[in-house]
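Subject: Structure for your review

Dear colleague,

Please find below the structure that I am handing over to you. I would be grateful if you could read the notes that follow it with the model open.

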Amino acid sequence: RRLREMGATRLVLCCMTVHHLVPRLPEELRERVVPLPELILRDLLPPAGRYLMVCSSGTRAFRLFERHPLWETARDRIVLPHQADQETIHRDLIYPVKRLVDLDTLTPILAGLLEKYRADGFIVGCSEVHVIAKHFLAGEGCGYACVDPFLAVARGLSRRAAA
């Protein structure tokens, strides 16, 4: 509400897992939230291929994407990792970013998972994964596609600022 009082017209919640709580917000706040899970699922509607969901274990536990109305139309392109690999993503990819580790130590983990699941790309389902994505795609992951809602929001803001 304070952000709204200060003139914010749109709100970007950078934690994907917290989107689980958006339905609990009053309508006047909920309508201002940029729906990152929806941006991801919409981006998957036209392209073909298999995209590995790289998100926190909390996002998976809440079934944030699976509960969205667009899930059924995009689900054929989304690969959900097995539980052990989900734990690896959470523990070995996401949490090290919070500790500001060298990203070069994380990209082989992501590359290995993409290879294991024969994915054409990956979904940035967590803000920490967004940090890894740019580094990964500029290096050993340059042949992979990436669905990144944070980048989509930034590009949209950039276009508006230029107009």
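The notes below take up the sheet, the aromatic rings, the cysteines and the salt bridges in turn. Please bear in mind that this is a predicted model.

The sheet

The model has an open sheet of four strands in the order β2-β1-β3-β4, with parallel pairing. The edge strands are β2 (78-79) and β4, each of which pairs on one side only. Strand β1 (residues 51-55) is joined to β2 by two bridges, and leucine 52 has valine 79 as its bridge partner in β2. Five bridges pair β1 with β3 in the parallel sense; here tyrosine 51 is partnered by glycine 121 of β3. Strand β4 (residues 145-147) runs parallel to β3, with three bridges between them, and cysteine 146 of β4 is the bridge partner of phenylalanine 122.

Strand β3 is mostly covered, with five of its five residues buried. Gly121, Ile123 and Gly125 lie on one side, Phe122 and Val124 on the other, and all of them are buried. In general, the side chains of a regular strand alternate between the two faces of the sheet. Together, β3, α8 and β4 form a right-handed β-α-β unit.

The aromatic rings

The count of aromatic pairs is two. In one of them, the ring centres of phenylalanine 122 and phenylalanine 136 are 5.7 Å apart and the planes meet at 75°; the pair is therefore edge-to-face, the cut-off for that class being over 60 degrees. Because phenylalanine 122 belongs to strand β3 (residues 121-125) and phenylalanine 136 to helix α8 (residues 127-138), the pair ties together parts that are 14 residues apart in sequence. Both phenylalanine 122 and phenylalanine 136 are buried. Ring pairs link Phe122, Phe136 and Tyr144 into a cluster.

A charge is also found over a ring: the charged end of lysine 98 sits over the ring of tyrosine 95, at 5.2 Å from its centre.

The cysteines

How many disulfides does the structure hold? The number is zero. For cysteine 14, the closest cysteine sulfur is that of cysteine 15, and the 9.0 Å between them is too far for a bond. Cysteine 55 is likewise in no disulfide, the nearest cysteine sulfur being that of cysteine 126, 7.8 Å away. Cysteine 14 is partly exposed, at 43% relative accessibility, whereas cysteine 55 is buried, at 0%.

The salt bridges

Eight salt bridges are found in the whole structure. I describe some of them here.

- Glutamate 27 and arginine 30 form a salt bridge whose closest N and O atoms are 2.4 Å apart. The two residues are three apart in helix α2 (residues 27-30), which means a separation of about one helical turn. Glutamate 27 is partly exposed at 42% relative accessibility, and arginine 30 is partly exposed at 29%.
- Glutamate 38 meets arginine 42 in a salt bridge of 2.9 Å, N to O. They are four residues apart in helix α3 (residues 36-43), and so about one helical turn separates them. Glutamate 38 is partly exposed, with a relative accessible area of 22%, and arginine 42 is partly exposed with 44%.
- Arginine 75 and glutamate 72 meet in a salt bridge of 3.4 Å, N to O. Arginine 75 counts as partly exposed at 40% relative accessibility, while glutamate 72 counts as exposed at 53%.

With kind regards

Methods:
Residues numbered from 1 in each chain as written. Predicted model: local features only at pLDDT ≥ 70, side-chain atom pairs only at ≥ 80, totals over all residues. Heavy atoms only, no water. Phe/Tyr/Trp six-rings, centres within 6.5 Å; stacked < 30°, edge-to-face > 60°. Buried < 20%, exposed > 50% of the residue type's maximum accessible area, 1.4 Å probe, protein only. Lys NZ or Arg CZ within 6 Å of the ring centre and 35° of its normal. Pairing = 2+ DSSP bridges. Right-handed = clockwise from strand over helix to strand, strands pointing away. Disulfide = S-S within 2.5 Å. Salt bridge = Lys/Arg side-chain N within 4 Å of Asp/Glu carboxyl O.
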